[in-house]
Amino acid sequence: MNDLFEQQELEERAAELRELLRYHNYRYYELDDPQVPDAEYDRLFRELQVIESEHPELLVADSPTQMVGGGVSKKFAEVVHAIPMLSLGNAFSDEELKDFDRRVREGLGVGGPVTYCAEPKLDGLAISIRYEHGLLVQAATRGDGTTGEDVTHNVLTIGDIPQRLSGENIPKILEVRGEVFMPRAGFDAINEKQLAAGEKPFANPRNAAAGSLRQLDPKIAAQRPLSMFCYGVGVIEGFDKPDNYSDMIRQLGEWGLKLCPEMAEVDGADGCLEYYRRIGEKRDSLPYDIDGVVYKVNAYNLQEKLGFIARAPRWAIAHKFPAQEQVTTLNDVEWQVGRTGVLTPVAKLEPVHVAGVTVSNATLHNADEIARLNVRIGDRVSVRRAGDVIPQVTGVVESAGDGREIIVPAHCPVCNSEVVRDEDEAAYRCTGGLICPAQLKEGIKHFVSRRAMDIDGLGDKLVEHLVDNDLIHDVAGLYELNFSELRVEGMVKEKTALALAEAVEKSKSTTLGRFLFALGIPDVGEVTAKDLAEAGCFGGELERIMAARYDDFIQSRGVVGVGEVKGRAIAQFFADFEGDVSAISDPKLFLRRINGVSENLASVLLSHFGSLSAIAEAGEENLINKTSTTIPGIGENIAHQIVAFFAEARNREVIARLQKAGVHWPALEKQDATAQPLAGKSIVLTGTLSAMGRNEAKDKLQALGAKVSGSVSKNTDLLIAGEKAGSKLKKAQELGVEIMDEEGMLALFNEHGV
């Protein structure tokens, strides 16, 4: 998007989007009279998200994108959520879902499939309902994620929501999270009544549900056909949660709460995709509206290990159904060069109206996608807005017959350097590096961005001016240029120059995580950079990170390229072979007889083991490639990228100049063992605590260095048992885990002053 809009146009568009979204929020939350369909609102919202993501300098604190949900109406009393109601990240393709699954597995350090709980993504209004001793006492909307609206009076009128829980082992306190929605049949019926009464019909079931739940008069809500499915819990006291999310949801059903019948456990990305397609086929026949499916890592202890990023969990994602598609003509293809040199093909289209927006440019992703689509200039193509934000060409509807072939340029369209393609990558890259103005500009824009070095006032146009006029040649040049004396007509006057000089000076004091992120190491995002900076194995020292080798990140064994299937096939082949392998005259040709072994893999096997005899004796366990990471979230590809980046002499030289210019960060704090008496200890809380809530106890334990887990295992060091402790206490006793009561825990807190 950077290359499609000028900075001024982006600033104007971002301001326009913020104003539009605030207006539509007012119509929806204050007047209960939305002016646009939800899909149109979502499109505007996501367009603003993309602009702010690509141009962080345009992000303002009160942007609608910084809120979870829409806001809180003054018509209702406010309810502060004890545990925030967060939003979810989105996946709009199979590949994005697979990327999510890969990130989960890398974050957990596992190679096999992860079990997820999958559910339809209901198109309604998120709600949190609080029960005390089984009695419904409060209900609140999600609001902005932290504070919601008190809608208890309306929720009490919904027949699907029990006012008193039934069954056994009912918690002292239970916050149920779910989705209030209006079934399609009820929506049709209520709209018939609206029309018969001469009133305006509701736009869709979601708006009808939201408007009904947010009435001041509960008699109106009582007349509306509302329902609710539960999908989670917030605060829960006086009950030990099971180990898995799906078991917790089923427990809610045993207490009389309504669950979505389509919920299912699935294994790995393949299981998720199969579920997605199955629900997609049933979508039109379901009695309620959905706009995708949601996957959540099923085990609570794995959810805790993965944690959160920004305002969304790392362990869950919403997989949205495809957006609306239209057909148009592909007029040309333009190749754009990004920060890392990757050439991206952009389709120049005959303008077409898609999902409320006129689209004239769309991504073709890469050369492999062009080949897969078999698309040529002049073809009639289908265009989809992925997530209603970034348009993409999805297929050829009608071939032009004599259409022009799309060819990857042999030389960079910006700097004329050679374009190459790595054997294991789909992307073509410009080899110009920092001599390529396009790469240099994008690299500097990233370096100065808010989440990186945060040099306020150094916008895209000024960066382009500095590069185009040969004033800087790399990011270190920003600290070697005398900004206080810089004058650029229409952009930089004396006052602006002094402010820029001050901003550059201020940016010299940063953190190692932000500095690593600013460097633009391929595939190293904000969170990975922070993890790298705080990794104990490097002690927070840049020099140690720069000197690291691949083996410092990845511990591996076996043969690269040999997975479980190939490893089993190779081992079985030699087990079945009755001859003397040492007598084989052409070992490589012999290995090619094994199903799945290519010529390249045969060479790798021989190089790794040295002979056929050694391969035959290796066994399946020593053949299969297995890796583990020393730093969570840094997999094989990222490790290679980090090592390769710091191996480049010019990168090391730029870093040296940055440090010479005064860029610095505080040393990684080393915790005093006496201040962290529980460092490295795995502790589980169970039962009801009388002196404080479980969250407060958890915070205090973590302050003493403990890792607080949700389940008991052989790795558990201590179980703290409150009143009515159940299965976890029994399991701890069976495993011989040390057990402490609440009194002992309080004494521990008093001893260490927490």
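Which residues are linked with Arg130 in a network of salt bridges? Select Glu132, Glu175 and Arg177 along with Arg130, and you have the four linked residues on screen. Keep in mind as you go that this is a predicted model.

**Stop 1: helix 1**

Start with residues 7-30, which make up helix 1. Pick Glu16 and Arg13: their side chains meet in a salt bridge, with N to O at 3.0 Å. The two are three residues apart in helix 1, so about one helical turn separates them. Glu16 is partly exposed, at 42% relative accessible area.

Stay in helix 1 and click on Glu9. Glu9 has a relative accessible area of 40%, which makes it partly exposed.

**Stop 2: His81**

Next, go to the loop between strand 1 (78-80) and strand 2 (89-91), where you will find His81. Is His81 buried or exposed? His81 is buried, because its relative accessibility of 7% falls under the 20% cut-off. Show the backbone of Thr141 and Arg142 too. The His81 side chain reaches the backbone oxygen of Thr141 at 3.1 Å, and a polar atom of that side chain lies 3.3 Å from the backbone oxygen of Arg142.

**Stop 3: helix 6**

Select residues 205-213 to bring up helix 6, where eight of the nine residues are buried. Among the buried ones are Pro205, Asn207 and Leu213.

**Stop 4: helix 16**

Now try Glu526 and Arg451, whose side chains meet in a salt bridge at 3.9 Å, N to O. Glu526 belongs to helix 16 (residues 526-534) and Arg451 to the loop between helix 12 (437-448) and helix 13 (460-468), so this pair ties together parts that are 75 residues apart in sequence. Glu526 is partly exposed at 40% relative accessibility, and Arg451 is partly exposed at 33%.

Helix 16 also holds Glu534 and Lys530, four residues apart, or about one turn. They form a salt bridge too, their closest N and O atoms being 3.0 Å apart. For the whole structure, the count of salt bridges is 33.

**Stop 5**

Finish with Lys728 in helix 26 (residues 727-735). Lys728 is buried, with a relative accessible area of 8%. Then select Asn715, in the loop between strand 24 (707-709) and strand 25 (718-721). Asn715 is exposed, at 54% relative accessibility.

Note on methods:
Residues are numbered from 1 along each chain as its sequence is written. This is a predicted model: local features need pLDDT of at least 70, side-chain atom pairs count only at pLDDT 80 or more; totals for chains, interfaces and linings use all residues. Side-chain values use heavy atoms; hydrogens and water are left out. Buried means under 20% relative accessible area, exposed over 50%, partly exposed in between (1.4 Å probe, protein chains only). A polar contact is a pair of N or O atoms within 3.5 Å; within protein, one must be able to donate a hydrogen and the other to accept it, and residues adjacent in sequence count only if both atoms are side-chain atoms.
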